[in-house]
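Work through the exercises below with the sequence and the structure at hand. Try each task before reading its solution.

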Amino acid sequence: MLGRLFDLQKFCLHDGPGIRTTVFFKGCDNRCPWCHNPESLSGRPQIKYLPANCIGDGACVAACPRGAHSLAQGAHRYDPTLCTACGACAEVCYAGAMVRVGYEASPQDILQAALRDVPFYQTSGGGVTFSGGEPLLQSDFLAQCLRLCRQAGLHTAVETALNVPPEALEPILPLADLFLCDLKHSDDDVLRRVCGIDGARVRANLSRLSASGVPFWVRTPVAEGFNACADTIAALARQAALPGLVLYELLPLHTYAQVKYETLHMPADSRFTPPAAQTMEQLAAAAGRWLPRVVYDGKEFGGSSK
């Protein structure tokens, strides 16, 4: 069995405990306007164009079967509307101006990549994190990866928005050591309208996860104009207050992914902006009144449940 990925990153420090190898699955059923990995949204391969790398040698023009590339007065032109992401241009572009995003890999490929980092896992308490995109959309493939990692004694984590049918989650529950779950908004209408997420399904899946006994983190991306409100964050903290919760983390929106949208010729949504540091401190304190461990920017807040 093969899975659809778009990246595999080593020495990751923010995708679970310790030093981790993070495997990024391609394909997502959410449409959050601030998505930091826009290359994950489509399950199909894409072409990323980095014009600063182009040397204008014309190799892509000759290789492309669709005429998506041309040279005019020595300048390269790329028409993404003609592109089928076959990757022919990327294969001949040794300068790295054309990059095919998305590839297939086997569970054995992932295991072999992870095993090279075992010394880092052993010294830091790390392991392998399956992220995305939404890895539960490829549940069968994910299950095979988790089984191999468990057989090899590797700690595993699954990062998910839980916006999936229960039959996608259930087979994974006995196989993962940790879940990293997103809760984005407490108002189901806002969540559906802005992100295309079914809040009731997310909460039901979170309850299933809690009942399974597998430990989990809950994380909330915070965006001004969306959920940067103490009442909203407090409501999410109360939803997260279930058996098995290890910590609740607040993640402020950033704009580092802007260049990704540009190179993929995807429109970026600028309706929501990063919250101020003072706002984040206030939100963390609001969540900390309901939960024993709230994390933001390396600092911890927490108190007793009310």
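**Exercise 1.** Find where His265 lies in this predicted model, and decide whether His265 counts as buried, partly exposed or exposed.

Solution. Step 1: His265 is located in the loop that runs between H10 and helix H11 (277-288). Step 2: the relative accessibility of His265 is 41%. Step 3: buried means under 20% and exposed means over 50%, with partly exposed in between. His265 therefore counts as partly exposed. Step 4: the phi of His265 is near 55 degrees, a positive value although the residue is not glycine. Most residues other than glycine have a negative phi.

**Exercise 2.** Describe the place, the phi and the surface patch of Phe11.

Solution. Step 1: Phe11 belongs to strand E1, which spans residues 3-12. Step 2: phi of Phe11 is positive, near 55 degrees, in a residue other than glycine. Step 3: with a relative accessible area of 46%, Phe11 is partly exposed. Step 4: a nonpolar patch on the surface is formed by Phe11, Leu13 and Phe120, and together they have about 300 Å² of accessible area.

**Exercise 3.** Which residues of helix H7 are buried, and which are exposed on the other side?

Solution. Step 1: H7 covers residues 188-195, and its buried residues are Val190, Leu191, Val194 and Cys195. Step 2: these residues lie on the same side of H7, because they cover an arc of only 100 degrees around the axis. Step 3: the general rule is that an α-helix has 3.6 residues a turn, so residues three or four places apart point the same way. Step 4: Asp189 and Arg193 are exposed on the other side of H7. Step 5: the buried residues of H7 pack against helix H8 (199-212).

Now look at the two ends. At the N-terminal end, Asp187 caps H7, with a side-chain oxygen 2.9 Å from the backbone nitrogen of Asp189. After H7 comes Gly196, which has a positive phi near 70 degrees.

**Exercise 4.** Is Ser40 buried or exposed, and which residues does Ser40 contact beyond its neighbours within four places in sequence?

Solution. Step 1: Ser40 sits in the loop between strand E2 (20-25) and strand E3 (46-49). Step 2: Ser40 counts as buried, because its relative accessibility is 2%. Step 3: leaving aside neighbours within four places in sequence, the contacts of Ser40 include Phe6, Phe25, Cys28, Cys35, Gly132 and Gly133. Step 4: Gly132 and Gly133 are joined by a cis peptide bond, with omega about 5 degrees. Most peptide bonds are trans. Step 5: Gly133 is in the loop between strand E8 (127-131) and helix H5 (139-151).

**Exercise 5.** Identify what the side chain of His254 reaches.

Solution. Step 1: His254 is in the loop between strand E12 (245-252) and helix H10 (258-263). Step 2: its relative accessibility is 27%, so His254 counts as partly exposed. Step 3: not counting residues up to four places away in sequence, His254 touches His36 and Pro274. Step 4: the side chains of His254 and His36 make a polar contact at 3.2 Å. Step 5: the side chain of His254 also reaches the backbone nitrogen of Tyr256, at 3.2 Å.

Note on methods:
Residues are numbered from 1 along each chain as its sequence is written. This is a predicted model: local features need pLDDT of at least 70, side-chain atom pairs count only at pLDDT 80 or more; totals for chains, interfaces and linings use all residues. Side-chain values use heavy atoms; hydrogens and water are left out. Patches are made of residues with over 30% relative accessible area and no salt bridge: like charges are joined within 9 Å, nonpolar side chains (Val, Leu, Ile, Met, Phe, Trp, Tyr) within 5 Å. Accessible areas come from the Shrake-Rupley method with a 1.4 Å probe; for residues, only the protein chains shown count as cover. A salt bridge is a side-chain nitrogen of Lys or Arg within 4 Å of a carboxyl oxygen of Asp or Glu. Helices (H or I, at least four residues) and strands (E, at least two) are DSSP runs, numbered from the N terminus. Buried means under 20% relative accessible area, exposed over 50%, partly exposed in between (1.4 Å probe, protein chains only). Contact means heavy atoms within 4.5 Å. A polar contact is a pair of N or O atoms within 3.5 Å; within protein, one must be able to donate a hydrogen and the other to accept it, and residues adjacent in sequence count only if both atoms are side-chain atoms. The arc is that of the directions from the helix axis to the C-beta atoms.
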